[in-house]
Amino acid sequence: MALNNVPSPHHHAAEHVSLSRTLTLFTITMIGVGAMIGAGIFVLTGIAAGVAGPALVLAFFLNGVVAMLTAASYAELGSAFPEAGGGYLWVKIGLGGANGFLAGWMSWFAHAVAGSLYGLAFGRFAAELVHMAGIDLFGLTVHQQTLLFMTLVIVAFTAINYRGASETGAVGNVITILKIVILGLFVIFGVLAMLRTDAWHTRFTTEFLPNGIVGVFIAMGLTFIAFEGYEIIAQSGEEVIQPERNVPRAIFLSILISVTIYVLVSITALGATTPPAGMNVWDYLGQQKEVAVVEVAQQTFPLGIGAVVLLLSGLISTMSALNATTYSSSRVSFAMGRDHNLPEIFSRIHPRRHTPYLAVIISGGLMLLMAWSLPIEEVAAAADIMFLLLFLQVNVAVMTLRHKMPDLPRSFRVPWFPIVPLLAILANAFLALVLFSFAPRAWVTAAIWLVVGLLAYYTYFRAVEIKEKPKEILLEEVLVSRDYSVLVPVATEEQAHELGAIGTVVARANQGEVLALHVVAVPQQLTLGEGRELLREGRKYLEVVIEKAKQYDVPVHTLIRLGRKVDQAIRQTAVDNASDLIVLGWPGYTNTAGKLFGSVIDPLVDNPPTDVAVVRYIRDGGAIENLKAVLVPVAGGPNSRRAVRLAVQLAQTVQSGPAKVTLMHVAPPGADEAMHIRAQKVFDYTLEGIEYDRIERRIVEAEQVVEGILSQVEGHNMIVIGATEEPLFKNLLMGNITEQIAKRSQVTTIMVKRRSSRLHSIVRQTVLMPTTPETQSQ
């Protein structure tokens with residue numbers, strides 16, 4: 001097996017570090033089941049029964065539902081990004097560097113702490129067996145024996161993961177299958193005991209909610225850590241055979257198997273146990289705490305071997321969970337090291353075994369350190385909180401990535417989008433709040449870890465990440481900086497002539513500058529570094545814009561930028577340079593199916609980072625050089641006001657002399673005096689703060705708004721129109737009227753849309769689907 005040189009969405013260096021693909025659907029499903037059927041089913045079942053009563057069955061089922069909601073997001077993203085890193089990688093791509101770092105930081109810590117917990121649980125079970133056997137182990141106390149066995153098992157599984165994924169998966173398969181067999185025997189003997197118990201079913205019909213629904217919620221919070229194992233499947237996507245197919249299947253299969261086992265075990269424990277006289281079975285299980293399941297087995301198994309069998313099963317389960325968490329924590333830290341969010345040594349791959357061996361060793365060392373020195377119960381609760389926060393981020397990321405990368409191949413898509421991820425966000429937040437009320441010190445621990453991570457990121461790793469990131473800006477020339485900036489992206493010489501002239505005039509009117517941008521679109525087959533070969537293509541277009549700017553004595557800032565997606569590069573440039581207006585060019589048609597203006601313009605006007613002007617230019621029109629009269633249809637609203645202001649600026653500043661501006665409002669035939677008064681108010685609103693003596697007001701009566709506007713085009717050689725105003729949860733690009741005018745007009749048409757508010761931007765990037773011709777017409 002050799003290292004691949006295939007670029008990935010998150011790593012664009014000339015040499016890409018990757019892992020070998022050896023894990024089958026069965027193996028990766030067993031890794032997920034192994035993580036979920038771990039120490040939790042033994043340690044937490046009794047405690048949760050004491051809190052929820054017979055409704056423990058409901059708590060386990062509801063936790064499975066909550067897990068399924070977030071699992072849908074994991075399945076979609078795991079099939080689309082089958083690289084090591086899982087939630088960390090997706091949050092990094094979808095939400096940005098700091099969020100991505102925190103996702104990895106929390107995930108690494110949470111899995112490592114869970115591994116410490118499983119190691120300690122293994123040590124406790126092993127010490128209990130030694131005690132039952134009457135063996136004097138060098139005079140060590142039970143606690144000392146626990147620490148000894150914990151150390152041995154963590155070292156052992158660190159060595160196994162060091163050897164490789166195939167060995168990891170093979171050992172995990174054996175352990176998980178043995179564990180399921182033992183739990184199956186537990187259920188079978190428990191059911192037989194239930195059938196011998198009089199009126200056992202009344203335990204589930206009488207006092208089903210002894211502590212109310214609140215008890216169920218607390219039990220869910222206590223046991224949620226047992227349902228987080230599917231996240232490990234996503235961490236291993238880079239080592240899965242056919243990940244786009246097998247990762248989603250493994251996620252859902254592992255949850256279904258685990259939830260079924262948890263529900264059956266809870267029914268058996270509640271139905272088969274004989275409590276002391278005068279005591280409810282759930283109170284007895286709660287009193288037994290972490291050995292409750294062992295007590296159930298002792299009562300139900302034949303020959304009195306139940307305790308030994310369940311302790312052995314506990315040993316197997318904790319080993320299985322430790323194997324999975326060791327695997328996962330090392331893969332997260334490996335991915336963070338590869339992205340320069342942890343020191344470079346985390347990303348090193350063993351030359352012969354092809355495993356991230358140093359990440360494995362350091363993660364194992366972190367488990368040992370915490371197990372020996374920290375109050376593991378509180379830190380484990382904090383790890384649970386961090387899992388919930390990570391799942392929050394992942395559900396937000398799946399929504400933002402639907403907008404940022406709509407064309408990304410997804411073999412699985414979240415159904416009923418965006419309802420499912422929104423429900424997952426609410427459910428995870430609710431369980432986190434439940435944990436706060438139950439264990440406030442866990443929140444303090446989590447907060448401390450997050451603060452440490454943020455300090456590490458902003459004081460060191462952020463600078464390293466930026467330094468190591470492939471340089472996207474190939475050429476940048478700045479003559480002078482002005483407060484007002486017009487961004488003019490150009491892809492052809494014709495665009496440079498038309499857009500350069502319009503952008504220059506607007507910049508001149510506002511005493512600002514022009515930022516001329518050419519984006520070199522680098523295909524996925526090339527790295528960004530190899531894209532530099534395309535540099536000279538764009539320089540000639542920028543020269544045209546420079547010549548236009550010289551005519552008006554406007555300073556020009558030129559930029560050539562590399563990017564996978566042109567619209568994202570334009571958006572990033574507008575944000576980085578705090579641009580006040582983006583001038584985009586549209587020839588009046590698009591060759592991209594499912595797009596209104598094209599794959600570049602649609603995402604930008606769907607959620608504008610700043611004010612946007614889309615220019616539907618007429619070939620060889622020379623609209624600015626020959627500008628005589630501008631027609632501005634107005635209907636009120638901020639976009640109409642922006643359109644009037646832009647039209648006046650163009651009319652005042654063109655070198656051909658002040659041009660006429662005609663404001664027009666379309667009223668229905670036979671409009672009464674009230675409608676005419678309303679039209680005059682619209683004129684007054686849009687002209688507020690504007691002083692220009694060549695403005696005509698015109699009210700036109702027409703049955704169809706578009707026909708009324710087009711009837712007034714004669715005598716004008718430009719139309720400037722504001723985008724249709726849309727409510728918060730209605731996603732329009734420009735509006736049907738605006739688009740029809742731009743398509744049918746025989747003169748240059750400029751469509752103006754204001755920047756999105758912060759709330760609009762968040763909603764559009766998450767809840768709303770990108771606008772298409774189909775959704776636009778609805």
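Predicted model: local features only at pLDDT ≥ 70, side-chain atom pairs only at ≥ 80, totals over all residues.
Author: Residues are numbered from 1 along each chain as its sequence is written, and side-chain values use heavy atoms, with hydrogens and water left out.

Reader: Why are α6 and α15 called roughly antiparallel?

Author: Helix α6 (residues 142-163) and helix α15 (residues 357-373) pack at about 170 degrees, axes 9 Å apart. Angles run from 0 to 180 degrees between N-to-C directions, along lines fitted to C-alpha atoms over the stretch in contact. Under 35 degrees counts as roughly parallel, over 145 as roughly antiparallel, 65 to 115 as roughly perpendicular, the rest as oblique. So α6 and α15 are roughly antiparallel.

Reader: Which residues in α6 and α15 meet?

Author: Contact means heavy atoms within 4.5 Å. Among them, Leu-147, Met-150 and Ile-154 are in α6, and Val-360, Gly-364 and Trp-372 are in α15. By class, the contact has 12 nonpolar, four polar and no charged residues. Ala, Val, Leu, Ile, Met, Phe, Trp, Tyr, Cys and Pro count as nonpolar, Asp, Glu, Lys and Arg as charged, and the others, Gly among them, as polar.

Reader: What makes Trp-416 exposed?

Author: Its relative accessible area is 68%. Exposed means over 50%, buried under 20%, partly exposed in between (1.4 Å probe, protein chains only). So Trp-416 is exposed. Trp-416 lies in the loop between α16 and α17.

Reader: Why does Asp-553 count as exposed?

Author: Asp-553 has 63% relative accessibility, so Asp-553 counts as exposed.

Key. Helix = DSSP H or I, 4+ residues; strand = E, 2+ residues; numbered from the N terminus.
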